[in-house]
Amino acid sequence: MSRIPLLDRSFDLSDPNFVRDPYPGFARAREQAPLAWHEPLGVAVATSHRACDVVLRDRRLGRIFRPRAPEGDWATFNWLHADSILDSEPPKHTRLRRLVAGAFGRGHVERLRPRVLELAEGLLDECEQTQSAGGSFDVLADYAEPLPVLVIAELLGWPAADQHLLRPWSQAIVKMYEVDRTAEQEQQARTASAEFADYVGELAAARRAHPTDDLVTHLVQARDGGDRLDDHELVATVVLLLNAGHEASVNGFGNGIVSLLEAPDQLDLVRRNVSDDALVALAVEEMLRHDSPLHLFERTATQDVDLPLGPGGSPLRIAAGAKVAALLGAANRDPEVFEEPDRFVADRSPNPHLAFGAGIHFCLGAPLARVELQASLPALLRRFPALHAVGEPVRRPTFVLRGYEHVRLAG
């Protein structure tokens with residue numbers, strides 16, 4: 001049995017420079033070992049594509065939610081996670097995913113493609129007006145952030161007058177997934193969880209009384225034999241769909257458009273072939289790979305687990321109860337899998353990135369995120385054929401959910 005090596009101290013998530021550009025650090029970590037122990041986090045981290053794939057697919061490594069205490073303060077936050085697909089394992093996960101997939105897969109996503117484009121064009125009208133008034137627009141605040149919120153709100157049947165509530169609630173809750181959150185952010189997450197859950201509960205009750213053709217109604221009506229979602233499971237599912245259904249799209253688009261703009265030859269390739277759906281689909285996958293929106297996904301060993309990731313394939317033991325995390329950003333720049341991994345290649349194929357995870361927790365919202373990106377990217381390039389950055393993009397100081405605060409463009 002080989003011993004899990006300690007990760008080099010230069011892998012420092014408290015260093016703003018490392019968080020701003022973690023890819024050189026990822027490369028050093030991959031060279032050191034495919035699986036190493038990160039002492040400050042108390043987590044074993046998988047650094048290679050193969051190691052991340054092993055960690056994500058091994059059923060002995062589960063999503064084990066550990067409730068936060070005191071329970072009275074964290075009660076709603078706790079059950080929103082404990083009763084969600086993301087933080088459940090079989091048999092509960094199997095049951096929840098079957099019920100949710102049955103509602104989510106009723107042609108909703110593909111049926112939305114024309115509507116996504118229509119919503120995108122409306123936002124681009126506003127971007128043009130903003131550019132005319134000020135010389136540039138913020139592609140995140142004016143386009144990438146509102147679009148998936150509008151889409152998921154329409155999918156859920158969320159009242160238009162209250163759509164402005166969704167993004168702030170989501171952003172407050174997902175701050176809890178970062179490694180450096182503050183006490184103020186924790187309080188904001190508790191408040192957002194309670195308000196979000198109360199609103200969804202009232203919306204679900206209204207849909208029970210007066211069904212409509214939207215996803216909340218279909219989740220209320222979801223059946224598998226005599227089985228159905230209980231009240232907590234239904235609310236947790238809607239909250240998860242909102243959080244996961246737009247965070248990946250926002251950060252995937254923001255990160256990807258910056259990567260594309262920093263590769264002028266690839267931007268020109270996509271621009272010249274903007275009506276080629278196949279090329280656009282490849283470019284979207286490369287946006288997700290090159291600067292992934294999610295960089296760390298934790299699992300917990302449900303028993304002693306020996307992973308074949310030591311020297312020469314020797315086993316490394318993860319003790320029962322210990323955490324192991326897949327570094328998705330590191331996996332997606334692995335030179336053993338991707339030729340010239342640090343280069344953005346718009347027509348890269350094959351592109352087996354892990355941006356949406358793998359195994360039973362593969363992102364349920366991946367098809368929706370892809371539809372949104374495949375519609376919004378060519379729409380942007382058509383509307384602004386001379387698209388270019390105005391000033392330096394401003395990074396968010398977060399590691400787990402990687403994205404930008406502001407990206408100003410003109411075209």
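Author: Buried means under 20% relative accessible area, exposed over 50%, and partly exposed in between, with a 1.4 Å probe and protein chains only. This is a predicted model, where local features need pLDDT of at least 70, side-chain atom pairs count only at pLDDT 80 or more, and totals for chains, interfaces and linings use all residues. Residues are numbered from 1 along each chain as its sequence is written, and side-chain values use heavy atoms, leaving out hydrogens and water.

Reader: Why is C127 called buried?

Author: C127 has a relative accessible area of 0%. The limit is under 20%, so C127 is buried.

Reader: What makes C363 buried?

Author: Its relative accessible area is 18%. That is under 20%, so C363 counts as buried.

Reader: How do you know that the sulfur of C363 is too far for a bond?

Author: A disulfide needs two cysteine sulfur atoms within 2.5 Å. The closest cysteine sulfur to that of C363 is in C52, 17 Å away, so it is too far for a bond. By this rule the count is 0 disulfides.

Reader: Why is helix 4 called roughly perpendicular to helix 11?

Author: Helix 4 (residues 71–82) and helix 11 (residues 183–209) pack at about 65°, axes 8 Å apart. Angles of 65 to 115 degrees count as roughly perpendicular, under 35 as roughly parallel, over 145 as roughly antiparallel, and the rest as oblique. Therefore helix 4 is roughly perpendicular to helix 11.

Reader: What makes helix 9 oblique to helix 17?

Author: Helix 9 (residues 146–156) and helix 17 (residues 366–383) pack at about 130°, with axes 11 Å apart. That angle falls among the rest, so helix 9 is oblique to helix 17.

Methods
Axes fitted to C-alpha atoms, helices over the stretch in contact; angles between N-to-C directions. Helix = DSSP H or I, 4+ residues; strand = E, 2+ residues; numbered from the N terminus.
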